[in-house]
Amino acid sequence: MRRFVWLLILIAAFGSWLGVSAAQNAPAAGVLEPTVILVSFDGFRWDYVDKAPTPNLRGLAARGVRAEGLIPSFPSKTFPNHYTIATGLYPGHHGIVANNILDQPTGRRFASAIVKEVRDPMWWGGEPIWVTAQRGGLLSGAMFWPGTEAPIQGVISKYWTPYDSSRPGADRVNQVLQWMDLPDAERPRLITVYFDDVDTAGHAEGPDSPEVRDAITRVDGYIGDLVAGLERRRLLDQVNLVVASDHGMAFTDSRHVVVVDDYISLDDVDIVDINPTLALVPKAGREDAVYRSLSRARKFKVYRRANTPERWHYRDHPRIPPIIGVADEGWQVMRRETLEQVRAGKRHEDHGVHGYDPQFKSMRGIFIAAGPAFKQGTTVPAFQNIHIYNALAQVLGVTPAPNDGDPAIARTLLR
Ligand code: AMP
Ligand code: ZN
Ligand code: ZN
C-alpha cells in the first residue's frame, strides 16, 4: 500500500513537471505566434509615398524595411499581380494570365465580375500563401484578395468574405482587428486586406490628380487605424505588417490611342482582353495576316505567343492567346467605337492606365514591411513581386510550394 502511494506521488510530480515544461515552451500569455497582415493598396505607384502626406506609411518604413519599388509581372494588372504576390509565380505560370481570360480548351471566360468563375478553382494554379499556411496547420483570414473566394487545392481560408467594392475601408480595418481579437486557437495567423481607393482615383483622374492625393491620404489613414488598433491591443511589435501594391499607373488621355480596327478587321479576331494590352485569338487561317497588320501599328508592339519578351515569362500557359500586343507607355488600345464614345462624352475618359510592360518605372508599386521578422530602418533596391511569397512563408514558418521567387532575395528583407 505504501509503495502504491509513493508511485502515485511520483506520477503526480512527473505530470506537473511535464506541465511546467510545456508551459515554458509555449509562448507566454499575450505573445503571438508569428502573424502576418498583408495589405494591398491597388495601383499605389512607387512614388506616391511622396505625393501626399503619408505619416503612417513612413512610420512603418522607419520601423521596418522599404523597397525602392516593387516590380510587377506582365501584364501589370490587378488579378494577375495579386495572385503573383500570393503564389510567387509569374502570371504565365499560375494561369491568371490577365483580368479577362479565355480558356481555349473549355471556351470559358474569366473576368473579375463573373462570380461563378472567380470562385472556380480551375482558374487558380499554383499554391497561394493562404493555402500554404492552412496546409501547414495555420488559419488564415481574407478581407478580400483575388483568389480567396475559390477552394484552391480544396482549401479555402477559414475566414473569407465575397468581394464588395462598396464596403468602407474603415469596416475592412475593423474586420482585421476583430480577427486579431479571437482566442489563440481561432485567430488567423495570416490576414489579407485589400483597398482599391488609389487605383480607382488613378484611372478616373490620373496619377497626378488631387483625387489621387486624397486617396493616398485616405489609405495612409487605414494604416494609421490598423497600427492604432494593434497598439491598443499591445500587439504592434508582435505583428508583421506587410504593405504592397500590385502595379503603378501611367497618365493617359484620348489623344494617345491606338485604334485596333485601323489595322485589322474585327471579324478576323476574338478580342479576349484590351487596353493597354491586346489579347487576340484570330479566326482560323487569319493569324499571320493579323500579326503582320498589327506589326505596322505605331506606339504598339505585337508578339506571337512564342516570342513574347523572355523577361515576361509569358509563353507557357495554354491560356495565353496566340497574339499578344501592348501599347507603349501612356498609350491606350481601343476599338474605334469605344474611342468615339469617349470623344462624344458618352463614356468616361480614363486619365490613368496600367497593364504596360513591367520594365516601365511608372508600373512599379510599393513594398513596405515592419514587424519582428523584418529588417529595421532598411531600404532595399526595387525587386520583383515574385519574391514576396517565399518571404511570407519563411515568416510564418511554413514550407513554401515550388515558385519563381529566389529565397536569397526574400532573405534580404528579413532579420
Ligand atoms: P484593374 O482593372 O486591374 O484596375 O482592376 C481593379 C479593380 O478590380 C478594382 O476596381 C476592384 O473593384 C476590382 N477587384 C479587386 N479585387 C477584387 C476581387 N477580389 N474580386 C472582384 N473584383 C476585384
Ligand atoms: Zn490593380
Ligand atoms: Zn486599375
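Predicted model: local features only at pLDDT ≥ 70, side-chain atom pairs only at ≥ 80, totals over all residues.
## Zinc ion (ligand 2)

The zinc ion (ligand 2) is held by Asp-42 (OD), Asp-42 (OD), Thr-78 (OG1), Asp-246 (OD) and His-247 (NE2), at 1.9 to 2.8 Å. Along the chain these donors have the spacing D-x35-T-x167-D-H. Asp-42 is in the loop between β1 (35-41) and α2 (55-63), and Asp-246 is in the loop between β9 (239-244) and β10 (250-251), so the pair ties together parts that are 204 residues apart in sequence. Both Asp-42 and Asp-246 are buried.

His-354 has a relative accessible area of 2%. The cut-off for buried is under 20%, so His-354 counts as buried.

The zinc ion (ligand 3) lies 4.2 Å from the zinc ion (ligand 2).

## Helix α10

Which residues of helix α10 (residues 287-295) are buried? They include Ala-289, Val-290, Ser-293 and Leu-294. These four cover an arc of only 125° around the axis, and therefore lie on the same side of α10. The buried residues of α10 pack against the strands β12 (269-274), β13 (277-282), β14 (300-304) and β15 (323-327).

## Aromatic pairs

A pair of aromatic rings is described by the distance between the centres and the angle between the planes. The structure has 16 aromatic pairs. One of them joins Phe-195 and Tyr-222, with ring centres 4.5 Å apart and planes at 25°. Planes under 30 degrees apart count as stacked, so the Phe-195 and Tyr-222 pair is stacked. Phe-195 is in strand β8 (residues 190-195) and Tyr-222 in helix α9 (residues 210-232), so this pair ties together parts that are 27 residues apart in sequence. Phe-195 is buried, with a relative accessible area of 3%, and Tyr-222 is buried, with a relative accessible area of 10%.

How are the rings of Phe-367 and Phe-383 arranged, edge-to-face or stacked? The pair is edge-to-face, at 5.2 Å centre to centre and with 70° between the planes. Phe-367 lies in strand β18 and Phe-383 in strand β20 (residues 383-384), so the pair ties together parts that are 16 residues apart in sequence. Phe-367 is buried at a relative accessible area of 2%, and Phe-383 is buried at 7%.

## Aromatic cluster and charges over rings

Phe-195 and Tyr-222 also belong to an aromatic cluster, together with Phe-41, Phe-44 and Tyr-48.

Two charged side chains are placed over aromatic rings. The charged end of Arg-304 sits over the ring of Tyr-291, 4.3 Å from the ring centre. Lys-361 lies over the face of Trp-46, at 4.6 Å from the centre of the ring.

Definitions and conventions:
Residues numbered from 1 in each chain as written. Chains lettered and ligands numbered in written order. Heavy atoms only, no water. Donors = N, O, S within 2.8 Å, 3.2 Å for Na, K, Ca; no water. Buried < 20%, exposed > 50% of the residue type's maximum accessible area, 1.4 Å probe, protein only. Helix = DSSP H or I, 4+ residues; strand = E, 2+ residues; numbered from the N terminus. Arc of directions from axis to C-beta. Contact = heavy atoms within 4.5 Å. Phe/Tyr/Trp six-rings, centres within 6.5 Å; stacked < 30°, edge-to-face > 60°. Lys NZ or Arg CZ within 6 Å of the ring centre and 35° of its normal.
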